[in-house]
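Please look over the sequence and the model shown below before reading on.

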Amino acid sequence: MPLNRSNPLKLASIALAVLALAIVGCGGSDSGEKDDSASTSGTLTETELISKADEICQDTKDKVSAIGPAALESKDPEKMKSATDEIEDLNEQKVESLQELVPPAEIASDYKTWTAGLEKSIELLDEIESSSSTAKMKELQDEAVDVATKTQELGVKLGFTVCA
């Protein structure tokens, strides 16, 4: 059965699925080991931060994979909505866990910008979901792609391999 492109709920569900998967993290380049300083009072070295963040992202990625593409590709809008809601919840948990990590001072600003980009991506998912206008939905999708691209680029710069 072909996709009914005039159904905004269906389009929103598909957009949510695509964007939710995009912000999970789809792998990046391995830039090698970074020079670290000793860990003090909860502050992580760059290597520790990369390792812990990539572990959080991999855990989320595994959970999203367990939801299965069948749920996201379903012709049933309610099933798609349920799957995208579950993915959004997993991403919110991921961002909260990442924000709890304390980066070393020399990359703290970039790390904060990176996690803010992840958070903004989730906010855009909510806006797309609640949008009733196809034009507004398209505008939000474009913004979400821009935010996701910049966030991914910064993740690569920081040295993440799973989170970038």
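Leaving aside its neighbours within four places in sequence, glutamate 88 is in contact with Ile122, Leu125, Asp126 and Glu129, where contact means that heavy atoms lie within 4.5 Å. Glutamate 88 is found in helix H4, which covers residues 77–100; helices here are DSSP runs of H or I with at least four residues, strands are runs of E with at least two, and both are numbered from the N terminus. At 6% relative accessibility, glutamate 88 counts as buried, since buried means under 20% relative accessible area, exposed means over 50%, and partly exposed is in between, with a 1.4 Å probe and protein chains only.

All of this refers to a predicted model, in which local features need pLDDT of at least 70 and side-chain atom pairs count only at pLDDT 80 or more, while totals for chains, interfaces and linings use all residues. Residues are numbered from 1 along each chain as its sequence is written, and side-chain values use heavy atoms, with hydrogens and water left out.

The chain as a whole has six helices and zero strands, and buried residues make up 40% of its 164 residues. Among contacts between residues at least 6 apart in sequence, 72% join residues at least 24 apart.

Helix H5, residues 108–130, has 23 residues and reaches 33 Å from its first C-alpha to its last, close to the 33 Å expected at 1.5 Å a residue; the expected span is 1.5 Å times one less than the number of residues. Among the buried residues of H5 are Tyr111, Trp114, Leu118, Ser121, Leu125 and Ile128.

Two packed helices are described by the angle between their axes and the distance between the axes. The axes are lines fitted to C-alpha atoms, for helices over the stretch in contact, and the angles run from 0 to 180 degrees between N-to-C directions. The table sets out two such pairs.

| Helix pair | Angle between axes | Distance between axes |
|---|---|---|
| H5 and H6 | roughly 160° | within 9 Å |
| H2 and H4 | about 170° | 10 Å |

H5 and H6 are therefore roughly antiparallel to each other, a label given to angles over 145 degrees, whereas those under 35 count as roughly parallel, 65 to 115 as roughly perpendicular and the rest as oblique. The contact involves, among others, Trp114, Leu118 and Ser121 of H5 together with Ala144, Val147 and Ala148 of H6.

Where does the chain carry a disulfide? Cysteine 57 and cysteine 163 form one, with their sulfur atoms 1.9 Å apart, and a disulfide is defined as a pair of cysteine sulfur atoms within 2.5 Å. The pair links distant parts of the chain, as cysteine 57 is in helix H2 (residues 46–67) and cysteine 163 is in the segment after helix H6 (134–158), 106 residues apart. The torsion about their S-S bond is about 105°, so the disulfide is right-handed. Cysteine 57 and cysteine 163 are both buried.

Threonine 45 lies in the loop between helix H1 (8–24) and H2, and threonine 45 is buried, with a relative accessible area of 8%. The C-alpha atoms of threonine 45 and valine 102 are separated by 8.9 Å, although these residues are 57 apart along the chain.
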